[in-house]
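Subject: Structure handover

Hi,

Here is the structure I promised to pass on to you. Have a look at it first, and then read on for my notes.

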Amino acid sequence: MKAIRRFTVRPVLPEPLRPLSELARNLRWSWHTETRDLFQAVDPGGWKASGQDPVRLLGAVPATRLAELAGDRRFLRRLAVVAGDLDDYLHGRRWYQQHSAPQGAAGSGSGGDSGEFPSAVAYFSPEFGVTAALPQYSGGLGILAGDHLKAASDLGVPLIGVGLLYRHGYFRQSLSRDGWQQEHYPVLDPNELPLRLLREEDGAPCRIALTLPGGHALHAQIWIAQVGRVPLLMLDSDVEENGPGERNVTDRLYGGGSEHRLLQEMLLGIGGVRAVRAYCRLTGHPAPEVFHTNEGHAGFLGLERIRELGLAPKEGGAGLDFAAALEAVRAGTVFTTHTPVPAGIDRFDRELVARHFGDGAELDGVPVDRILALGRETYPGGDARLFNMAVMGLRLAQRANGVSTLHGSVSRAMFAGLWPGFDPQEVPITSITNGVHAPTWIAPEVLRLGARQIGLGRAEDKLAVGAAERWDAAADIPDADIWELRRELREQLVHEVRRRLHASWRQRGAGAAELGWIDSVLDPDVLTVGFARRVPSYKRLTLMLRDRERLAELLLHPTRPVQIVVAGKAHPADDSGKRLVQELVRFADDPAVRHRIVFLPDYGMGMAQKLYPGCDVWLNNPLRPLEACGTSGMKAALNGCLNLSVLDGWWDEWFEPDFGWAIPTADGSATDEERRDDLEAAALYKLVEERIAPRFYDQGADGLPGRWIEMVRRTLTCLGPKVLAGRMVREYVERLYAPAAQAHRALDADAARELAAWKATVREAWPRVGIDHVEALDQSAAAGTAELGATLSLRVRVTLGTLRPDDVEVQAVAGRVDSDDTIGDADTFPLKPAGGPDLEGRWVYEGPLALDRTGPFGYTVRILPAHRLLASSADLGLVALPTEAVGEGAGVLMR
């Protein structure tokens, strides 16, 4: 019989063991070795059976064992030390508190002129990969978000995470007998997870609600996962107040149709802001000054904040109109895009959005036409029928960034249509390269090796803060120690692979008598290559299979064999991705090679933490430039694994031959897809065959592969410090959060009204702004040549219409020019007004232009809006340029 209701019966911990409860409920245990070791000591067998989840462990440990531990003085001393360490971690001054300047001070630590750090930051993401014990992630976006929270905690950044609690999480993956991906959605009970409910002062669960069309409502409760110092608020719609449809809004991650996804994103954005307000009200946590939107899924948070600011003063709002509220919201908002292709962006039918924000629905009082305008694709090729979440995210944020240097460039080009008249490099989207949380991803054996050099405390600090340029201590580790470590980690991976492969084949229907061959799968002394990630087509899971005979030769080489471990999930709706998985699985099932190549189903954090350290080479072969960042290779590098990758994402900016190998790309415009894949696969085989495998197996008289070990050492010394999430979060604080907080403080109600009114004036007047005449007061330049080091004196006559010089900036833009007179690597030079307007209302601007480089050189001039509260001169997307008939144009030749 089945139970009609399920609940969890928890043991009552003896008083001496009560600190175990707090240790289990704070997810710091997921990256703190001493805490995990303590829970393992509670019940080693139960620790393994629980999947290394302290909450599940404490729910199952026998009462007799608890009583025994309560009288074990040695265990209680360990417990007191670990509990005291957590208390110090939660309440001590960390990097953020040590570098934040007092309010009103001129600078703040290494941020220079960034001003006081924000009192709090709200960080919104649709998924968070904090630990396998809280399966609320699907891939890189969620893992990045989890690492962001953990690094913020280590640094002491007062972050509040905001997401959804999916009752089925993301799917679990298994394989059919013929290798087809199968999905399973286990039901998650929040009471069995490391969570607690946010409750009102009277003990009742705190609720937030959204208004839906037709008089319905969407209610949600708020679960809290404590990630070190950072609370993660997770909204859950599975509450009794909701009807069946509304209860299922948070059923699963990235599931359902268009309206289902829209409701999820409304709950995340709008409901998330309301959850933050409730949390701050009930706990006294400082209200966020900065709101960070991790990808466009949470973009509706800006609309809720506009609604808040538009409330009448008697309701606690500032009473701002839409335009002024928009400016105030933009000032304190940061938007991070992770998407390198338009197809990866959420887009909804405009009518669907209009229905959910129309009369009697959500955000009543916020004009629906203004909402729709925020998501309108107004650029060439845009679809007027669709509402674009990334476009809205960019319009609601004063600061935006991509997640690697290359991805920043790709994003500026992709969204350049929102800033017409500006070259892509001037589009106001910067980049902060992702990082990974080293304490989560570094193997304990690697940490211990570093601790032997500099001590455990210093090693942990360097991993968490990420402030060092180099880890020079790695240079002193003996070759033999490095090679012994690499073999130990490889051997651990071999045992893990065999265990998982056996379980997978049993799920596929194989009998135990069929599986004796698994005992000889992989070899701890063979060069091991790893490949694990999501399986969209652009990541090219099966590129390694382009020439199967050649791949088999590499795997079965008599003296320099290679073995490959592969894992990855295709989206449940992506049959083409599932076919790629099946193709790889069928190749790996071949008895001739199955001891050298394996596919492991159900890729997740638990598997990844064993996979990255155990591989010698990490393979990444996406279509360039479609990998926004690709952090799996960073996690591998932290463990001394060398990267073999296309120059895409983070590898494009940090690749050096000391760290690994770059796969050449066949990205010429005349190369079709099939030939491109053939060429790049051939380059991959050649690298492995001629450079990688020989170096791994080339041992000196001491029996050690010295050149390989030196690459491992260089990876740890020079690349390790760069890939840290601590470095990444510090960059967010100094380059985005602190300036956003400063802008937020500057945009009080009066300033927001002023800025909105000024923008309206400028937009109305801009059609009458123009450049009438440009001349260079230098005869040699007029003749087409000039000397290096010379200075041109420019004079420009402009029409400003009803605007004043204080409303604009007139610039000269100069640099080298190509054969089409396009200026590249441009510098700008401000020009100043020379006197008042003439009788026709035109202004003359003058200024010098330094000729500081040789070769073909050109210049032009332009007019931009200018205001003290603008974060970028491209903010309004307005620019006035000379017509072809004006002035001398570009192309002054220098020698």
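How many residues does helix 6 have, and how far does helix 6 reach from its first C-alpha to its last? Helix 6 covers residues 73-91, which is 19 residues, and reaches 27 Å, close to the 27 Å expected at 1.5 Å a residue. (The expected span is 1.5 Å times one less than the number of residues; helices are DSSP runs of H or I with at least four residues, strands are runs of E with at least two, and both are numbered from the N terminus.)

Before I go further, two words on conventions. This is a predicted model, in which local features need pLDDT of at least 70 and side-chain atom pairs count only at pLDDT 80 or more, while totals for chains, interfaces and linings use all residues. Residues are numbered from 1 along each chain as its sequence is written, and side-chain values use heavy atoms, with hydrogens and water left out.

Back to helix 6. Its buried residues are Phe 75, Leu 79, Val 82, Leu 86, Tyr 89 and Leu 90. Seen down the axis of helix 6, these buried residues fall within an arc of 95°, so they line one face of the helix. (Buried means under 20% relative accessible area, exposed over 50%, and partly exposed in between, with a 1.4 Å probe and protein chains only; the arc is taken over the directions from the helix axis to the C-beta atoms.) They pack against helix 1 (19-25), helix 2 (33-42), helix 5 (63-70) and helix 8 (140-155), where a contact means heavy atoms within 4.5 Å. On the face turned away from the buried side are the exposed residues Arg 73, Arg 74, Arg 77, Val 81, Asp 88 and His 91. At the start of the helix, a side-chain oxygen of Asp 72 comes to within 3.1 Å of the backbone nitrogen of Arg 74.

Gln 136 is also worth a click. You will find Gln 136 in the loop between strand 1 (121-124) and helix 8, buried at a relative accessible area of 1%. Its side chain reaches the backbone nitrogen of Tyr 166 at 2.7 Å. Leaving out residues up to four places away in sequence, Gln 136 touches several others, among them Glu 127, Phe 128, Leu 188, Met 234 and Leu 253.

Now the backbone. Most residues other than glycine have a negative phi, and most peptide bonds are trans. Leu 522, although not a glycine, has a positive phi of about 65°; Leu 522 sits in the loop between helix 20 (479-507) and strand 15 (527-532) and is buried at 3% relative accessibility. Arg 540 also is not a glycine and has a positive phi of about 55°; Arg 540 lies in the loop between strand 15 and helix 21 (548-555) and is buried at 6%. The peptide bond from Arg 624 to Pro 625 is cis, with omega near 5°, and Pro 625 is in the loop between strand 18 (617-620) and helix 24 (632-638).

Finally, confidence. The chain averages a pLDDT of 91, and 94% of the residues score at least 70; pLDDT is the predictor's confidence in each residue, from 0 to 100. Over residues 102-114 the pLDDT is below 50, and this stretch has 22 contacts in the model beyond near neighbours in sequence.

Best wishes

Terms used. Polar contact = N/O pair within 3.5 Å; in protein donor to acceptor, adjacent residues only side chain to side chain.
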